[in-house]
Amino acid sequence: MGIALLGLLLLITSVACYLYFSADMKEPQIEVDPADFPVTERNGYTECNGNMLRRSQTGLWEIYLHGDPLQRGTAFGRLSRELLYYQEKVFIDQIREFVPSDRYLRFLRFFLVVFNRNLGEAVDEEFRNEIYGVSLSATREFDAIGNPYQRQLNYHAAHDIGHTMQDYMLVGCSALAVWGKETADSGLLVARNFDFWVGDDFAKNKLVSFYAPEHGYKFASVGWPGMSGVLSGMNEKGLTVTLNAAKGDLPLSSATPISILAREILQYAASIDDAYKIASSRKTFVSESILIGSAEDGSAAVIEKTPRRTELYRSGGQRLVVTNHYQSEAFAADKNNLDNIRRSDSRYRFDRLNELLDDNPAVDEHIAAEILRDRRGLGGTEIGLTNEKSINQSIGHHSVIFKPEKRQMWVSTAPWQSGKFVCYDLDKIFAELDFSREIHCEDMSIGADSAFLNGDHPKILRHRKMTAAIRAATKDKKEIDPMVAGEYISNNPLFFETYSILGEHYHRIGNSDMAGKYYRKALELETAKAGQREKIEKALKKLK
């Protein structure tokens with residue numbers, strides 16, 4: 001029996017080692033001379049072979065890229081070298097907070113290499129060459145988790161990996177599209193919150209990219225330094241793409257990262273049908289709702305995609321609301337989708353978006369910004385700051401509003417979606433290409449949410465700081481001062497998690513009476529997910 005077990009372990013180890021050492025990320029074998037990509041400081045911007053990078057007075061970074069994949073990728077990296085390093089460092093630092101063990105990090109690297117061993121095959125050569133060009137400017141400091149190309153390619157699957165861990169990470173995007181009688185000018189309007197949170201520092205350097213690729217359509221997208229994929233974007237034909245994570249089975253192997261698929265759609269599609277054909281031709285390893293807005297069609301639709309099937313959903317009206325569950329008949333009986341609707345906060349946010357649209361029958365960009373900034377629950381009730389049932393959870397990397405027929409897009413500035421929304425006119429930008437001055441349309445900006453910035457914003461920062469301190473004390477079994485608990489409650493009194501965290505603290509140090517008091521209070525308030533409520537109820541039963 002012992003020999004058989006040893007033989008099985010040796011077999012498993014041998015297979016794992018084979019998968020690890022035979023992994024091929026299809027790294028391009030291209031020699032690039034840095035001297036061919038000189039970086040020059042110009043008046044108000046930095047330039048590299050006609051590619052340009054500037055920092056707007058709004059705080060947003062703006063980049064223009066053109067040419068073939070290797071040219072634009074290499075220029076991207078050369079222009080943004082310092083930003084690229086910062087972005088990678090804060091991302092890895094956040095991973096280390098989630099996974100502090102060096103031993104487990106080494107295992108995680110091993111797992112990712114095996115899991116993504118065929119990732120290169122799932123990404124077209126065009127995008128691999130561009131990502132390779134960017135990676136030439138990446139640091140060697142983090143080679144312990146992969147060489148620069150491997151890391152940059154893997155980072156393009158970060159959104160995918162993040163939403164397969166929805167119960168552990170903060171991923172919960174909300175989006176809407178309205179047209180016809182639902183908008184003030186009868187034109188198509190698309191708006192979305194991109195809630196992908198790996199620490200506020202990760203969202204510090206938002207990047208608005210303007211691409212004039214060698215093949216395909218010119219387009220603009222919103223992301224971060226090093227991101228060649230698309231999370232939110234619009235092309236010169238007035239086609240928009242935004243991503244919303246959905247619930248599906250855990251992936252067993254890698255496929256095309258959803259951000260790369262979105263990039264291909266944005267670069268090569270002019271209509272909803274074009275986008276659907278491209279999406280249908282690619283296999284992805286996660287489930288996603290891809291909201292497509294189209295000036296050519298004058299409407300919007302959702303591509304509902306899983307690793308096994310691709311469906312196109314149209315609402316049948318002049319409004320389309322998208323959160324994190326599927327809506328088509330094809331998924332009406334899908335177990336994962338039904339479970340997601342029942343147990344997550346997706347349906348609640350979906351209903352709240354519809355409620356807000358009912359209250360605003362003629363939406364324009366200003367009303368859209370108000371909706372994206374909404375922090376209340378159904379019926380306008382207060383459900384606590386940062387509740388995941390809010391449209392605005394104060395975690396968004398960015399928010400964006402599109403008017404596809406006019407090629408206009410509004411991008412949020414920090415913090416989250418509460419700073420002013422900056423307007424870009426794609427037709428003007430691609431026609432003029434003058435990076436020596438501000439390229440946004442200042443007179444069309446949407447003002448900052450000053451009431452929030454002067455009121456609840458400091459409370460959210462204080463809540464998060466105190467939460468970290470209380471959790472640290474809980475871990476060390478050190479009782480907090482009662483005045484700290486009182487301040488914590490008064491700072492965010494209607495948020496269920498305020499009380500569940502205090503309940504956990506007193507439970508951990510053995511004060512059952514106080515723990516029970518706070519657990520019961522938490523259950524009186526609006527919990528975000530079924531699992532969170534069940535966890536509190538289970539802890540309360542243990543006390544009894």
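Is isoleucine 470 buried or exposed? At 1% relative accessibility, isoleucine 470 counts as buried. Buried means under 20% relative accessible area, exposed means over 50%, and partly exposed lies in between, with a 1.4 Å probe and protein chains only. The tour returns to this residue below.

**Before you start**

The model is predicted: local features need pLDDT of at least 70, side-chain atom pairs count only at pLDDT 80 or more, and totals for chains, interfaces and linings use all residues. Residues are numbered from 1 along each chain as its sequence is written, and side-chain values use heavy atoms, with hydrogens and water left out.

**The whole chain**

Show the chain as a cartoon. It has 20 helices and 19 strands. These elements are DSSP runs numbered from the N terminus: helices are H or I with at least four residues, strands are E with at least two. Of the 544 residues in the chain, 56% are buried. Switch to a surface. The chain exposes about 23,200 Å², and carbon and sulfur atoms supply 51% of that area. Accessible areas come from the Shrake-Rupley method with a 1.4 Å probe; for residues, only the protein chains shown count as cover. Now think about contacts, meaning heavy atoms within 4.5 Å. Among contacts between residues at least 6 apart in sequence, 67% join residues at least 24 apart.

**Stop 1: isoleucine 470**

Select isoleucine 470, in helix α16. Leave out residues up to four places away in sequence. Isoleucine 470 then touches Ile480, Tyr488, Ile501, Leu502 and His505. Take histidine 505 next. It is 35 residues from isoleucine 470 along the chain, and their C-alpha atoms are separated by 7.3 Å.

**Stop 2: helix α17**

Select residues 482-491, helix α17. Which of its residues are buried? They are Ala485, Tyr488, Ile489 and Asn491. Look down the axis of α17: the buried residues fall within an arc of 165 degrees, so they line one face of the helix. The arc is that of the directions from the helix axis to the C-beta atoms.

**Stop 3**

Move to the loop between α13 (365-372) and β17, where threonine 386 sits. Threonine 386 counts as buried, at 15% relative accessibility. Setting aside neighbours within four places in sequence, threonine 386 is in contact with Gln393, Ser394, Ile460, Arg464 and Phe495.

From serine 394, go to tryptophan 197. Their C-alpha atoms are separated by 9.5 Å, and they are 197 residues apart along the chain. Tryptophan 197 belongs to strand β8 (residues 196-197). It counts as partly exposed, at 22% relative accessibility.

**Stop 4: the largest cavity**

How many cavities of 30 Å³ or more does the structure hold? There are four. On a 1 Å grid over the protein atoms alone, a cavity is a set of points where a 1.4 Å probe fits but cannot get out, and lining residues have an atom within 4 Å of a point. Grid points are joined across faces, edges and corners, and a volume is the space filled by probe spheres set on the points. About 150 Å³ of space lies in the largest cavity. Select Gln87, Tyr155, Phe202, Trp224 and Pro225: of the 13 lining residues, these are the closest to its centre. Helices α3 (81-98) and α7 (148-155) each give two or more residues to the lining. The largest share, four residues, comes from α3.

**Stop 5: serine 254**

Find serine 254 in the loop between β12 (239-245) and α9 (258-268). Serine 254 is buried, with a relative accessible area of 13%.

**Stop 6: backbone details**

Select lysine 26, in the loop between α1 (2-21) and β1 (40-41). Its phi is positive, about 55 degrees, although lysine 26 is not a glycine. Lysine 26 is partly exposed, with a relative accessible area of 30%.

Arginine 407 lies in the loop between β17 (398-403) and β18. Its phi is also positive, near 55 degrees. Arginine 407 is buried, at 18% relative accessible area.

Finish at proline 415, in the loop between β18 (408-412) and β19 (421-425). The peptide bond from alanine 414 to proline 415 is cis, with omega near 0 degrees.

Technical notes
On a 1 Å grid over the protein atoms alone, a cavity is a set of points where a 1.4 Å probe fits but cannot get out, and a pocket is an open set with protein on both sides within 12 Å along at least five of seven lines; lining residues have an atom within 4 Å of a point.
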